[in-house]
Amino acid sequence: MDSVIQALAVYGFLLVLFRLAGKRSLAQITTFDFVLLLIISESIQNALVGQDYSLTHAALLVMTLVGVDIGLSLLKQRSPRIERLLDDVPLIILENGKPLKDRMNKARVDEEDILSAARELQGLERLDQIKYAVLERSGGITIIPKQQK
Amino acid sequence: MGQVKDVRDLESEENLAFQERQWVVQRVAWVVVLALLVAGLLGLLGPGPLSQVRAGDTPLGPALEFDRFLRRDSPTALTVRSAQAFPGEDGSSEHRVTLPREYLQAFEVRQVTPEPDRVEQAPEGMRYVFKKAPDAPPLEARFHLEPQRLGRVGGRVGLGEERLDVWQWVYP
């Protein structure tokens, strides 16, 4: 019983914490973000496993985590509201070469982040070559370039 | 921060009203997380400066020192100080510490230092008896414990004739 409750508690805690941290937190932007994710997983693993190294405990933990994930995906499919709540929504942060500063500030994104995504994804050089930049649910930035004349 | 303006051109699931609400909730949550961190640093979520408690009024009388806030399965210690000794069966004098039954149900006693000379059943729980050599300093014994139960745990710890109340809070 403890295994299932522990896994549920950890799943819920991480889901809430990462949603509250915002899209841009730990979106694997830098190597350090990646290292931080590893440390977080290690800390949580110790709390989950505790002193019970049995196969049954591990299996129950994994089944609970996967089960909750499946359950939530079914709920998300049925209700766009729950989907928004759990997965966040995308946000346009640049339109026709003009950065939408108020949105960017609140979402903690700067022009350099957009330019970096534009270079990486589309090989663009300047902001005015971008039609839209969207901060996606995952925390990544996608770029829609302006049509070449 | 002002209200963000809406852009309706690109086909996306953008929802500004939701996004605005979310930003507010997130900022409130950051403050809550900060408060929890401060509580953790101060020792309100486990061992720390505000967690250390002493039971027993006088500096010379029997006293207990322990952490008020604990975490399950994390080792902790209950320190017992007592100058009060009683005549033992064989004419020597001894210190007696009694841990109540409800306390022993909530904690696993891992080790006691110094080791007691004997442990015996008492009406309230288990009595740990430490022999006192003549001219020996007052007893200072440490019970190394591991919390097993969650929530409020405690009981009346017996130090000779004295009874001292202990209550602790165990977090998951």
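How many bridges join strand E11 of chain B to E12(B), and do these strands run parallel or antiparallel?

1. Strand E11 (residues 151–159) of chain B is joined to E12(B) by 9 bridges, and the two strands run antiparallel. The model under review is a predicted one. Within this pairing, B:Val153 has B:Gln168 of E12(B) as its bridge partner. The hairpin of E11(B) and E12(B) has 2 residues between the strands, and B:Gly160 adopts a positive phi near 65 degrees there.

2. Strand E12 (residues 162–171) of chain B also pairs with strand E3 (residues 69–71) of chain B; here the strands run parallel and are joined by 3 bridges. The bridge partner of B:Leu70 in E12(B) is B:Val170. In general, the strands of a sheet pair through backbone hydrogen bonds, in either a parallel or an antiparallel arrangement.

3. Chain B contains an open sheet of 5 strands, in the order E1-E2-E4-E10-E7, with antiparallel pairing. Its edges are formed by strand E1 (52–55) and strand E7 (107–113) of chain B, each of which pairs on one side only. From one strand to the next, the twist averages 20 degrees.

4. At the E7(B) end of that order, the pairing is with strand E10 (residues 139–147) of chain B: 6 bridges join these antiparallel strands. B:Phe107 is placed opposite B:Pro147 of E10(B).

5. B:Val53 and B:Leu145 are separated by 92 residues in sequence, and their C-alpha atoms are 16 Å apart in space.

6. Chain A has an open sheet of 4 strands, ordered E2-E1-E3-E4, with antiparallel pairing. Strand E2 (98–99) and strand E4 (141–145) of chain A each have a single partner strand, so one side of each lacks a neighbour in the sheet. Strand E3 (residues 130–135) of chain A pairs with E4(A) over 5 bridges in the antiparallel sense. In this pairing, A:Ala133 has A:Ile143 of E4(A) as its bridge partner.

7. Which residues form the nonpolar patch on the surface? The patch consists of A:Phe13, A:Leu17, B:Val33, B:Leu34, B:Leu37, B:Val38, B:Leu42, B:Leu44 and B:Leu50, and together these have about 760 Å² of accessible area. Two elements give two or more residues to the patch, namely helix H1 (2–21) of chain A and helix H1 (16–42) of chain B. H1(B) supplies the largest share, with 5 residues.

8. One of the patch residues, A:Leu17, is located in helix H1 of chain A.

9. The domain assignment divides chain B into domain 1 (13–42) and domain 2 (49–171). How far apart do the C-alpha centres of these domains lie? The C-alpha centres of domain 1 and domain 2 of chain B are 43 Å apart.

Note on methods
Residues numbered from 1 in each chain as written. Chains lettered and ligands numbered in written order. Predicted model: local features only at pLDDT ≥ 70, side-chain atom pairs only at ≥ 80, totals over all residues. Heavy atoms only, no water. Pairing = 2+ DSSP bridges. Axes fitted to C-alpha atoms, helices over the stretch in contact; angles between N-to-C directions. Patch = residues over 30% accessible without salt bridge, like charges linked within 9 Å, V, L, I, M, F, W, Y side chains within 5 Å. Areas by Shrake-Rupley, 256 points an atom, 1.4 Å probe, with all protein chains shown as cover. Salt bridge = Lys/Arg side-chain N within 4 Å of Asp/Glu carboxyl O. Domains from an automatic or database assignment.
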